[in-house]
Amino acid sequence: MSEGEKNAIAVFHEAAQRVPAYRDFLRRHGVRHESIQSIPDFLSVPIATKENYIRQYSLPERCVGGQLANGSVIAYSSGSSGTPTIWPRFAAEEVITLSFHDELLRTAGDIANRRTLLVVCFALGWHIAGVITVGALADLLKQKKYPATLVTPGKNLDDIVSVVQLLGGEFDQIVFFGHPGFMKQVVDRLTDTGHDWRAHTTL
């Protein structure tokens with residue numbers, strides 16, 4: 001069994017023991033978590049969905065120990081599947097998110113060696129994509145001495161264009177963060193304003 005598989009099963013057992021909603025969810029489906037010891041066992045566990053889990057239990061019940069007020073930050077989805085969902089995030093998850101962005105920017109963008117403008121084009125406020133991305137990038141720039149600058153115009157096309165026009169010339173590359181559909185609008189708007197895509201590496 002790989003380390004990843006071992007970790008998945010360990011998280012499953014922790015949730016079964018410490019999260020009231022998940023404990024009840026397993027009970028309703030006739031699953032004894034102690035019997036889950038291998039990946040084939042794990043694959044037999046019913047999948048928790050919005051319908052059979054998220055919407056069946058309160059937010060505190062879905063937290064460790066049934067407690068919401070234990071160092072969490074509330075996240076709010078964009079609602080792209082129909083209805084926005086809220087859930088708590090914790091410090092350990094932010095560390096993982098920071099590591100992911102660091103790996104992405106070092107391997108795909110060579111951020112350690114190229115002057116980089118980081119442009120966050122996700123909706124901000126309490127929507128999770130923007131909050132996570134800005135938080136991870138801000139922490140990354142605090143911890144590393146990368147030649148990078150972060151700007152947060154959000155989902156405002158005029159502001160994004162202004163930021164690129166004002167600052168783009170100072171950088172070797174521009175990295176945009178946003179949902180694919182909206183990024184198509186960003187590309188079209190910048191192209192219409194005469195942006196020279198050959199002037200930078202763009203991700």
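Mentor: Helices and strands here are DSSP runs, with at least four residues of type H or I for a helix and at least two of type E for a strand, numbered from the N terminus. Residues are counted from 1 along each chain as its sequence is written, and the model is predicted, so local features need pLDDT of at least 70 and side-chain atom pairs pLDDT 80 or more, while totals for chains, interfaces and linings use all residues. Side-chain values rest on heavy atoms, with hydrogens and water left out.

The chain has eight helices and six strands. Reading from the N terminus, their order is α-α-α-α-β-β-α-β-α-β-α-β-α-β. The radius of gyration, taken over C-alpha atoms, is 21 Å, well over the 17 Å that the globule rule (2.2 Å times the number of residues to the power 0.38) gives for 203 residues, so the chain is more spread out than a compact globule. Its C-alpha trace spans about 60 × 35 × 30 Å along the principal axes.

A contact means heavy atoms within 4.5 Å. Of the contacts between residues at least 6 apart in sequence, 64% join residues at least 24 apart.

Now for H8 itself, which covers residues 180-192 and includes Pro180. Which residues of H8 are buried? They are Phe182, Met183, Val186 and Leu190. Seen down the helix axis, these buried residues fall within an arc of 100°, judged by the directions from the axis to the C-beta atoms, so they line one face of H8.

The face turned away from the buried side carries the exposed residues Pro180 and Asp192. Pro180 has a relative accessible area of 68%, and therefore counts as exposed. From Pro180 to Arg32, 148 residues apart along the chain, the C-alpha separation is 41 Å. After H8 comes Gly194, with a positive phi near 90°.

For contrast, here are some other places in the chain. Thr97 sits in helix H5 (residues 91-108) and is buried, at a relative accessible area of 14%. Leaving out residues up to four places away in sequence, Thr97 touches Arg89, Ile132 and Ala136. Asp110 is in the loop between H5 and strand S3 (116-120), and is partly exposed at 31% relative accessibility. Phi of Asp110 is positive, near 50°, although this residue is not glycine. In general, most residues other than glycine have a negative phi.

Ser58 belongs to the loop between helix H4 (50-54) and strand S1 (73-76), and is partly exposed with a relative accessible area of 33%.

Last, the aromatic rings. Rings of Phe, Tyr and Trp (its six-membered ring) pair if their centres lie within 6.5 Å; planes under 30 degrees apart are stacked, over 60 edge-to-face, and the rest tilted. That rule gives six aromatic pairs. In one, the rings of Tyr22 and Phe25 have centres 5.8 Å apart and planes at 15°, so this pair is stacked. Tyr22 and Phe25 are both in helix H2 (residues 20-28), three residues apart, or about one turn, and both are buried. Tyr53 and Tyr57 make a tilted pair, 5.4 Å centre to centre with 50° between the planes. Tyr53 is buried at 10% relative accessibility, and Tyr57 is buried at 8%. Ring pairs link Phe12, Tyr22, Phe25, Phe42, Tyr53 and Tyr57 into a cluster.

Notes:
Buried < 20%, exposed > 50% of the residue type's maximum accessible area, 1.4 Å probe, protein only.
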